[in-house]
Amino acid sequence: MDERIAKLIENIEKVIVGKTEPITKIITAMLCEGHVLIEDVPGVGKTQLVSALAKSVDGIFNRIQLTPDVMPSDIVGFSMVNQVTRELEYKQGAAMCNFLLADEINRASPKSQSSLLEVMEEHQISIDGNTHVLPTPFMTLATQNPVETYGTYHLPEAQMDRFIMKISMGYPAYEDELRIMENGEHSSNRSKEIEPVMTTQDISKLIDEVKQVKVAASVRKYILDIVTATRDSQYVRLGVSPRGSIALLRTSKAYAYVNGRSYVVPDDVKAVMSETLSHRIILSPKGKSAFESNEQALEGISMTVTSPVEAE
């Protein structure tokens with residue numbers, strides 16, 4: 001693994017115990033300038049993970065707790081009249097930062113959710129005819145609880161497609177939870193122990209290096225074969241869009257880089273496929289009866305595609 005990435009993961013693991021894979025996947029998304037949706041039950045450390053990542057990088061970190069009464073202006077900002085100059089002035093919202101934590105995003109109203117569309121896609125905010133460019137790098141990390149539905153608003157497919165990855169942390173292993181209990185007994189907020197180990201300039205440099213990772217034509221075709229298989233499958237009503245194929249290419253390059261390689265192998269594609277594509281498909285009635293989740297359906301569909309190594 002790249003030494004700088006390993007140091008970043010080690011720093012985050014001062015707070016998040018036993019979750020190396022989710023941490024690695026979030027860093028992978030960061031290195032390809034993507035956004036992440038963390039979907040899991042309450043109390044497994046979603047918010048702590050995002051906070052630890054942001055504090056590990058010396059950038060601007062803003063958090064907004066989304067509820068039905070949150071307005072779009074709280075997120076993107078607003079214009080108001082300066083009483084001295086009598087001119088409109090832009091007042092920044094929560095999105096004007098490097099790392100935006102949108103906590104419990106499915107509790108925000110559709111109007112507030114839609115305010116994030118331009119922010120996530122264009123990395124800019126347009127208000128009253130003026131465009132305000134966000135700092136670089138910029139990343140939205142949203143959390144949601146998939147169990148509780150009361151007072152929530154389902155994210156539309158167009159917005160789900162904006163997230164380059166959807167990640168689930170899951171419950172900790174038995175031994176890991178013993179350590180978590182011990183840590184929580186002596187300190188209520190271990191995130192205070194996190195010190196920055198990277199600057200935003202370092203992250204921007206890593207992002208540029210990820211773009212130089214090589215992808216062979218056979219691996220590109222493998223990615224497209226997987227995407228095409230979701231569109232042709234009888235188990236899927238809505239297949240992966242072209243944005244999804246680009247996202248899988250980008251996450252595969254970033255994952256290869258994280259693991260210290262300058263080229264992508266089929267195993268890199270398989271490693272990030274589920275997190276990158278599962279939230280971009282809608283199962284048909286037949287698919288819902290055959291598979292328990294989108295992830296399982298995607299795994300089954302991908303097994304029908306021959307990888308470049310198998311083809312040789």
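In this predicted model, the largest nonpolar core has 67 residues, of which Ile12, Ile26, Ile27, Met30, Leu31 and Val36 touch the most other members. A nonpolar core is a set of buried Ala, Val, Leu, Ile, Met, Phe, Trp, Tyr and Cys residues joined through side-chain atoms within 4.5 Å, and here buried means under 20% relative accessible area, exposed over 50%, and partly exposed in between, with a 1.4 Å probe and protein chains only. Helix 10 (residues 242–258) gives the most to this core, namely eight residues; helices (H or I, at least four residues) and strands (E, at least two) are DSSP runs, numbered from the N terminus. Apart from this core lies another, of 25 residues, and Ile64, Leu66, Val70 and Leu155 are among them.

Residues are numbered from 1 along each chain as its sequence is written, and side-chain values use heavy atoms, with hydrogens and water left out. As the model is a predicted one, local features need pLDDT of at least 70 and side-chain atom pairs count only at pLDDT 80 or more, while totals for chains, interfaces and linings use all residues.

**Contacts of single residues**

With contact defined as heavy atoms within 4.5 Å, and with residues up to four places away in sequence not counted, Val36 touches Ile26, Ala29, Met139, Thr140, Leu141, Ala142, Phe163, Met165 and Ile167. Glu275, which lies in helix 11 (residues 266–277), is in contact with Glu21, Lys25, Ile164, Met165, Lys166 and Ile167 once its neighbours within four places in sequence are left aside. Glu275 counts as buried because its relative accessible area is 16%.

**The cavity and the residues around it**

The structure holds one cavity of 30 Å³ or more, and the largest cavity has a volume of about 40 Å³. On a 1 Å grid over the protein atoms alone, a cavity is a set of points where a 1.4 Å probe fits but cannot get out, a pocket is an open set with protein on both sides within 12 Å along at least five of seven lines, and lining residues have an atom within 4 Å of a point. Grid points are joined across faces, edges and corners, and a volume is the space filled by probe spheres set on the points. The largest cavity is lined by Met30, Glu33, Gly34, Asn98, Phe99, Pro137, Phe138, Met139 and Ile207.

One of these lining residues, Ile207, lies in helix 8 (residues 200–210) and touches Met30, Leu31, Glu33 and Pro137, not counting residues up to four places away in sequence. The C-alpha atoms of Ile207 and Ala254, 47 residues apart along the chain, are separated by 8.4 Å. Pro137 is found in the loop between strand 8 (130–133) and strand 9 (139–144), and a cis peptide bond with omega of about -5° joins Thr136 and Pro137. Pro135 lies in the loop between strand 8 and strand 9 and touches Met96, Cys97 and Asn98, again without residues up to four places away in sequence. The C-alpha atoms of Pro135 and Asn98, 37 residues apart along the chain, are separated by 5.9 Å.

Glu33 has a phi near 55°, a positive value in a residue other than glycine, and is placed in the loop between helix 2 (20–31) and strand 1 (36–39). His123 also has a phi near 55°, and is found in the loop between helix 5 (110–122) and strand 7 (124–127). Most residues other than glycine have a negative phi, and most peptide bonds are trans.

The accessibility of some of the residues named in this section is set out here.

| Residue | Relative accessible area | Class |
|---|---|---|
| Glu33 | 32% | partly exposed |
| Pro135 | 24% | partly exposed |
| Ile207 | 4% | buried |

**The largest pocket**

The largest pocket has a volume of about 430 Å³. Of the 20 residues that line this pocket, Glu39, Gln144, His154, Met160 and Lys166 are the closest to its centre, and the elements that give two or more residues to the lining are helix 6 (157–160) and strand 13 (282–283).

**Aromatic rings**

Rings of Phe, Tyr and Trp (its six-membered ring) pair if their centres lie within 6.5 Å, and planes under 30 degrees apart count as stacked, over 60 as edge-to-face and the rest as tilted. By this rule there is one aromatic pair, formed by Tyr235 and Phe291, which is edge-to-face with 5.2 Å centre to centre and 90° between the planes.
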